Amino acid sequence: MNRTGQLLSFVRVPTRVEEGPDTVIKRLLKLGHDALAASGHSQTDIAAVGIGCGGPLNPVTGRVQGPPGLPNWDDVPIVELVTGAYDRPAFLENDGTAAVLGEYRFGPWHGVRHMLYLTVSTGVGGGLVLDGRVHRGAAGNGGEFGHVIIDWHGRVCGCGQRGCIEAYASGTSIARRAVEALATGSASSMRDVAVVTAETVSAHAAQGDRLARQIWDETTAALGRAIAVMINVVEPQLVVLGGGVTRAGDALLVPVRRAALAQAMRPAGAAARLELASHGETVGVVGAAASALLHLEEGTHS
């Protein structure tokens, strides 16, 4: 990405986390070189490398510290590895924080000073801009909105707690709940699908499948309730939803918006609006690059 937010290339491959951090990191480093080749630029053209990753992590030391979605990534010095591979400054950011930076800086949200971003994907994460400044928190992991608890007796989350919104609204959870329901013998057109995903559930819900509709409605209700809590705490002008599950479009946005604004305290709900991310599936890389730009402008170094 260049300094004006224009994507010069976008490449991706499956992560295959089961192969372990060493193999995955080699794949990521090659992917960076592939992105450079696709953009028509060389390594000497790079000003910096931004890295967006799910937490927990330490953006100061540049280490990834065992995110639930990355088994065995315990204290991985990702910034050191990337800096060595490209001979350029590298910066690590929580992926939700990076995404809110990308939307805030390069999205069409003119005049917004208070923005909450929520990514609904394999997991659920987020980021905050308050009064025009990104909020990272005391340890650099502020914005773990996926672990807002909506039912303390509820489903076990990957973090080990019960009732987190990630245990209900993430793509992984949506698919898991559908598979669990099918295993009980519930009738559904999803039974003919070899691998059930969140996209399967949203598509079959739209086609009128009763079980898929029940799971989808539970998902949007849970997400709306969690966002109402976040709105009450933060009182943002704008809540932006991104991540793979948002490919469902209005089927997700409309019921979540309705539930969140109806349940938020009146002044906070009246001040907020909910929209889908303007960068779609590229919001993660735009955000990582925006984070690197911010570090360069602030004169911080990895």
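In the predicted model, strands β6 (residues 115-120) and β9 (residues 238-242) run parallel to each other and are joined over 5 bridges. Within this pair, L116 has V239 of β9 as its bridge partner. Helix α3 (residues 95-106) packs on the sheet and touches β6, β7 (124-130), β8 and β9; the direction of α3 makes about 50 degrees with that of β7. Helix α8 (residues 250-263) also packs on the sheet, where it touches β9 and β10, and its direction makes about 160 degrees with that of β10.

The sheet itself is open and consists of 5 strands in the order β8-β7-β6-β9-β10, with mixed pairing. Its edges are formed by β8 (133-135) and β10 (273-276), each of which pairs on one side only. On average, and ignoring direction, neighbouring strands are turned by 25 degrees against each other.

The largest nonpolar core comprises 44 residues. The residues with the most contacts inside this core are L118, I165, V201, L223, I227, I231 and L274. At least two core residues come from each of β6, β7, α4 (166-169), α5 (171-183), α6 (198-206), α7 (210-234), β9 and α8. Helix α7 contributes the most, with 11 residues. When neighbours within four places in sequence are left aside, L274 is in contact with I227, I231, V239, L253, V256, R257, A260 and L261. A further core, of 19 residues, lies apart from the largest one and includes V49, V64, L70 and Y86. In soluble globular proteins, nonpolar side chains tend to be buried together.

Terms used
Residues numbered from 1 in each chain as written. Predicted model: local features only at pLDDT ≥ 70, side-chain atom pairs only at ≥ 80, totals over all residues. Heavy atoms only, no water. Pairing = 2+ DSSP bridges. Helix = DSSP H or I, 4+ residues; strand = E, 2+ residues; numbered from the N terminus. Axes fitted to C-alpha atoms, helices over the stretch in contact; angles between N-to-C directions. Contact = heavy atoms within 4.5 Å. Core = buried A, V, L, I, M, F, W, Y, C linked by side-chain atoms within 4.5 Å. Buried < 20%, exposed > 50% of the residue type's maximum accessible area, 1.4 Å probe, protein only.
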